[in-house]
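These are my notebook entries on one chain, written in the order in which I looked things up.

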Amino acid sequence: MKDKKSIALVLSSGGAKGIAHIGAIEELKRQGYNITSVSGSSIGAVIGGLLAMGKLEDYTNWIKTLDRRSVWGLMDFSFTSNGLLKGERVFDKMKEFIPDVKIEDMSLPFTAVASDILNEKEIVFNKGSFYRAARASIAIPAMFTPVNYDGTFLVDGGILNPIPIEHVHRTEADLLVVVNLYGEKQPKAELVGDNDKNKPKQVEGGLFAAFSNLVATGDKKSLGYISLLTTSSAAMIHKLAKINIDRFKPDIVIDIPADSASTFDFHRADELLKLGADAAKKAISVVTAKSD
């Protein structure tokens, strides 16, 4: 491995597993790496943008306070035919302590990717409102309502480009580092499965249970309509992620098991932060050993 410490960082889509992005970033910094630019899809766009504007620590401190009850409270159901959630309440909450910033004013070059479903093309955000770009990029089809944009509709960036390597502002001096939330599944990993200790008892067995069964849990016995759709999409997205990694051959790939967490497991921040840090440490050590 070349003796270089500046990196262009690419963060994949992947729901709550994206908290592992933060742990990986923290480990990269601990080991002396200097992040010079970042791009991301979906949760990767959220984390990447917060990193680029210097607000990732504020966000991290906040998500560490979340339990299942508070995550449930951030869900703003739309009850419309084009998405279960509006996806506005969580960003409104974030705006209380992280004001919006124009992407072009961030301290690091940042790019977010969303998918134009009508024209079947990527929409790349490298200027304008961070929150507008983030909301478009996280719009999982059928889960979140799509975003109206210049006469079309935008959905999750991961649908067309889950690992937007080609959109990161990389220079010749930068190592290319990818945090991939679609790593090999580990069914017996510690994080797999549901943690019920913080489940809000007043909604157990009711709307919460019904909604949970719609989320892609991977449990074939409880596949509902939304779960079937998201599980099918996941198979496609995993394939696209692998294609992009094989195509660009990053210097370091930090793999997070694809089954480490479900879409809305944001109450498991401490576990996922550690998972990301451990994965980064392992990936760095493997690449370093090969170069010795």
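In which helix is Leu-272 found? I located Leu-272 in helix 9, where helices (H or I, at least four residues) and strands (E, at least two) are DSSP runs numbered from the N terminus. Before going on, I noted that this is a predicted model, in which local features need pLDDT of at least 70 and side-chain atom pairs count only at pLDDT 80 or more, while totals for chains, interfaces and linings use all residues. I also noted that residues are numbered from 1 along each chain as its sequence is written, and that side-chain values use heavy atoms, with hydrogens and water left out.

**Entry 1: Leu-272 and the whole chain**

I found Leu-272 to be buried, with a relative accessible area of 0%; buried means under 20% relative accessible area, exposed over 50%, and partly exposed in between (1.4 Å probe, protein chains only). From C-alpha to C-alpha, Leu-272 lies 9.9 Å from Ala-24, although 248 residues separate the two in sequence. For the chain, I noted nine helices and 10 strands, and 52% of its 292 residues count as buried. Among contacts (heavy atoms within 4.5 Å) between residues at least 6 apart in sequence, 76% join residues at least 24 apart.

**Entry 2: helix 1 with helix 2**

Two packed helices are described by the angle between their axes and the distance between the axes. I looked up helix 1 (residues 19-30) and helix 2 (residues 43-52), whose axes come within 10 Å and cross at roughly 40°. That angle makes helix 1 oblique to helix 2. Axes are lines fitted to C-alpha atoms, for helices over the stretch in contact, and angles run from 0 to 180 degrees between N-to-C directions; under 35 degrees counts as roughly parallel, over 145 as roughly antiparallel, 65 to 115 as roughly perpendicular, and the rest as oblique. On the helix 1 side I listed His-21, Ile-22, Ile-25 and Lys-29, which meet Ile-43, Gly-44, Ile-47 and Leu-51 in helix 2. By class, this contact has five nonpolar, two polar and one charged residues (Ala, Val, Leu, Ile, Met, Phe, Trp, Tyr, Cys and Pro count as nonpolar, Asp, Glu, Lys and Arg as charged, and the others, Gly among them, as polar).

**Entry 3: helix 2 with helix 6**

I then followed helix 2 to helix 6 (residues 130-137), and these two pack at an angle of about 160°, with their axes 8 Å apart. Helix 2 and helix 6 are therefore roughly antiparallel to each other. Ala-45, Val-46, Gly-49 and Leu-50 in helix 2 meet Phe-130, Ala-134 and Ser-137 in helix 6. This contact has five nonpolar, two polar and no charged residues.

**Entry 4: helix 3**

Which residues of helix 3 (residues 56-63) are buried? I listed Leu-56, Tyr-59, Thr-60, Trp-62 and Ile-63. They cover an arc of only 160° around the axis, which puts them on the same side of helix 3; the arc is that of the directions from the helix axis to the C-beta atoms. What covers these buried residues includes helix 1, helix 2, helix 5 (89-95) and helix 9 (269-291).

**Entry 5: two loop residues**

Ser-42 is not a glycine, yet I noted a positive phi of about 55° for it. Ser-42 sits in the loop between strand 2 (34-41) and helix 2, and at 4% relative accessibility Ser-42 counts as buried. Asp-150, also a residue other than glycine, has a positive phi near 50°. Asp-150 is in the loop between strand 7 (147-149) and strand 8 (152-155), and at 67% relative accessibility Asp-150 counts as exposed.
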